[in-house]
Every structure is written in C-alpha cells, then in structure tokens.
Amino acid sequence: MTSLPAKAGRRCHNAVNPLHSALYFAPDLARELAPYGIEDPSAVYFAGRAAALGRVGPGVVTATFHNFHHALVARHLPAVWELAAPETVLAARLRAADSMLRRLLGEEAVASKEMAEAAELALRAAEGCVRPGRPLYAALADLPVPEAPHLALWHGASLLREHRGDAHVAVLQHAGLDPMEALVSHTASGRGMSPGWALATRGWSRRDWEEAQERLRGRGLLDGEGELTEAGTALRKELEAETDRLDAAPYEHLGAAGTERLTELCGAFTGAALASGAFPADLFGKG
C-alpha cells in the first residue's frame with residue numbers, strides 16, 4: 001500500500017522531468033558538441049542521452065530508447081564515439097545543462113535557496129530508485145553528482161526521468177505495443193508528441209505511422225478517425241497507472257511532504273522554463 005496521495009509521483013515527475021528533457025530541445029548541447037564534429041541533431045541527441053552507457057552500439061540504444069527506428073540509430077552509433085568519447089560527451093552535456101538552466105531560469109533562480117532545496121529533495125528521492133531492470137537509470141546512477149545545486153538538480157531530474165522511463169518501456173512491452181504503436185496511441189491521447197515531431201525525430205515514415213494505426217484499429221484501440229476508442233483510452237490510462245506503480249519507490253522514499261515540496265519547487269522552475277521557450281510550441285498535440 002502506498003502512503004502517497006493518488007498520482008503524487010506522476011505529478012512530481014511531470015514537474016521535474018522538463019528540467020532534464022529541455023536539454024534535448026535547447027541549442028546548448030549542439031553548441032557544445034559541434035567542435036567535435038557532432039552536428040546532426042539525431043547524433044547530438046543519441047550521444048548526449050547514451051553517453052552514460054559508455055561506448056555502446058546501436059542495438060543497446062534501440063533497446064533502451066525504445067521508440068526510435070533502428071536504422072536511424074545505426075546511422076550515428078557507434079560512429080559518434082570516434083568523434084567524441086562518452087566521457088567527453090558527458091562533460092559537454094553538463095556544460096550545456098549549466099548554460100541552458102542559467103538562460104531559461106536566470107542567475108537569481110540558479111543561485112537561490114529554493115534551487116538548493118530542490119536539488120537535495122530530488123537526490124533524496126533518487127536514493128529510492130533501483131538498478132535491476134533499469135539500464136538507463138543504472139548508467140546515470142554510476143555518475144558523480146555535480147557540486148553546483150542547479151546541476152545537482154538536473155542530475156537528480158535525469159535519474160528520476162530515466163527510472164520512470166525504463167519502467168514505462170517494460171509496461172509497453174507487457175501491453176504488446178511496438179514502438180510505433182506506442183507513439184501513435186500516445187499522440188492520439190493528446191498528451192504525446194505531435195506526428196510531425198515524432199516522424200522527424202524518430203526515424204519512422206508516414207507509411208510506418210499509418211500501418212501502426214491500422215494495427216491499433218485491428219485491436220479495437222483506435223477508430224477510423226485516428227482517435228482512441230474507449231478501449232484505447234482505458235489502455236493508455238492503464239499504462240500510466242502501471243508505470244506509476246513501478247516508479248513509486250523514489251517518492252515513497254521521499255515521503256508525501258517531500259514529494260509535494262519537490263513538485264512545488266520544480267513546478268515553479270518548469271513554469272519559468274516553459275515561459276522562456278524551453279520547448280517548441282508545436283511539440284505536443286494531435287496535429
């Protein structure tokens with residue numbers, strides 16, 4: 001039995017995660033990696049997110065990232081490590097996180113006591129995470145915690161994000177949703193990445209998207225207009241609820257009061273980041 005209010009962990013995740021994931025839409029990481037010859041947006045993303053795993057090939061990244069076409073991953077890995085070793089990328093990523101957070105939040109917020117408190121809470125929550133079955137989280141957990149509070153918060157947000165993400169991949173597998181079906185059904189829920197962004201960044205074609213829609217229709221999860229059926233809506237809710245269950249440990253460890261406070265603090269920081277244009281305006285939605 002959980003001691004937390006319903007969906008408290010998910011609300012906290014939604015407040016914390018954007019502080020990490022904004023890096024993949026910011027110019028800072030590309031700017032840091034450009035001197036090494038890593039300039040393609042997909043190469044920047046794969047290198048930045050996979051560097052903690054070490055000098056891995058495309059198979060590991062396709063497996064752990066889940067919703068990318070393997071051919072797109074193989075186009076950039078392992079070749080990217082010949083341009084910059086994982087350790088070099090990790091250092092560049094931390095510099096990029098520093099410049100991004102200073103730009104989006106401002107120097108006053110970065111130096112605030114609220115930032116230090118949020119970092120302490122996020123790291124305390126991450127103490128409750130578990131390594132088995134969580135490859136991306138486990139790789140990040142082997143990295144040192146940065147000293148600066150805003151970077152410690154970013155690191156903590158990274159740990160919490162990938163801990164939940166690893167669990168979500170397992171849930172998708174259990175539900176029998178392949179990468180395209182997961183993307184299409186999430187978009188149809190109104191909460192996922194827009195089709196344009198999904199196709200532009202994940203390596204899939206419009207035909208792949210349409211074929212996934214047909215498979216979902218065959219399972220009674222999508223209607224003729226591309227909207228979720230009642231069964232499809234129920235499945236998406238079940239996916240999130242099961243992910244919540246598998247991701248409860250860090251928030252149980254932090255406790256109800258700490259989880260509420262971390263949600264409050266990071267909600268304010270995320271709100272400021274969004275107001276500063278942290279994400280493209282058309283990133284999410286059905287259109």
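Reader: Which residues in helix 1 meet which residues in helix 17?

Author: The model discussed here is predicted. Helix 1 covers residues 8-21, and helix 17 covers residues 256-275. On the side of helix 1 the residues are A8, R11, C12, A15, V16, P18 and L19, and in helix 17 they meet T259, L262, T263, C266, G267, F269 and T270.

Reader: How many residues of the contact of helix 1 with helix 17 are nonpolar, polar and charged?

Author: Cys and Pro count as nonpolar, and Gly counts as polar. On that basis the residues of this contact divide into one charged, four polar and nine nonpolar.

Reader: At what angle do the axes of helix 1 and helix 17 cross, and is the crossing left-handed or right-handed?

Author: The two axes come within 8 Å of each other. Helix 1 passes helix 17 in a crossing that is left-handed. The angle between the axes of helix 1 and helix 17 is roughly 35°.

Reader: Which residues are the closest to the centre of the second largest pocket?

Author: The second largest pocket holds about 240 Å³ of space. Its lining consists of 16 residues, and the closest to the centre are K7, G9, D244, R245 and A248.

Reader: Which elements give two or more residues to the lining of the second largest pocket?

Author: By class, this lining has seven charged, two polar and seven nonpolar residues. The elements that give two or more residues to the lining of the second largest pocket are helix 1 (8-21), helix 15 (230-246) and helix 16 (249-254).

Reader: Is K7 buried or exposed, and what is its phi?

Author: K7 lies in the segment before helix 1. K7 is exposed because its relative accessible area is 52%, and exposed means over 50%. Most residues other than glycine have a negative phi. K7 is a residue other than glycine with a positive value, near 65°.

Reader: Where does H66 lie, and what is its phi?

Author: H66 lies in the loop between helix 4 (58-65) and helix 5. With a relative accessible area of 6%, H66 is buried. The phi of H66, a residue other than glycine, is positive, near 75°.

Reader: Is the peptide bond from L77 to P78 cis or trans?

Author: P78 has its place in the loop between helix 5 (70-76) and helix 6 (80-83). Most peptide bonds are trans. Omega of the bond from L77 to P78 is near 5°, and this bond is cis.

Reader: Why is T243 classed as buried, and with which residues is it in contact, leaving aside its neighbours within four places in sequence?

Author: T243 lies in helix 15. T243 is buried because its relative accessible area is 1%, and buried means under 20%. Leaving aside neighbours within four places in sequence, T243 is in contact with R164, H168 and V171.

Reader: How far apart in space are T243 and A47?

Author: In sequence, T243 and A47 are 196 residues apart. From C-alpha to C-alpha, the distance between T243 and A47 is 26 Å.

Reader: With which residues is L254 in contact, leaving aside its neighbours within four places in sequence?

Author: L254 is found in helix 16 and is buried, with a relative accessible area of 8%. The C-alpha atoms of L254 and D208, 46 residues apart along the chain, are separated by 42 Å. Leaving aside neighbours within four places in sequence, the residues in contact with L254 are L121, R124, A125, T259 and L262.

Reader: How far apart in space are A34 and A84?

Author: A34 is found in the loop between helix 2 (27-33) and helix 3 (41-50). A34 is partly exposed, with a relative accessible area of 27%. A34 and A84 are 50 residues apart in sequence, and their distance from C-alpha to C-alpha is 10 Å.

Reader: What separation lies between the C-alpha atoms of E214 and G224?

Author: E214 has its place in helix 14 (residues 206-218). With a relative accessible area of 49%, E214 is partly exposed. E214 and G224 are ten residues apart along the chain, and their C-alpha atoms are separated by 9.0 Å.

Definitions and conventions: Residues numbered from 1 in each chain as written. Predicted model: local features only at pLDDT ≥ 70, side-chain atom pairs only at ≥ 80, totals over all residues. Heavy atoms only, no water. 1 Å grid on protein atoms, 1.4 Å probe; cavity = no way out; pocket = protein on both sides within 12 Å on 5 of 7 lines; lining within 4 Å. Points joined across faces, edges and corners; volume = space filled by probe spheres on them. Helix = DSSP H or I, 4+ residues; strand = E, 2+ residues; numbered from the N terminus. Axes fitted to C-alpha atoms, helices over the stretch in contact; angles between N-to-C directions. Left-handed = near helix turned anticlockwise from the far one by under 90°. Contact = heavy atoms within 4.5 Å. Buried < 20%, exposed > 50% of the residue type's maximum accessible area, 1.4 Å probe, protein only.
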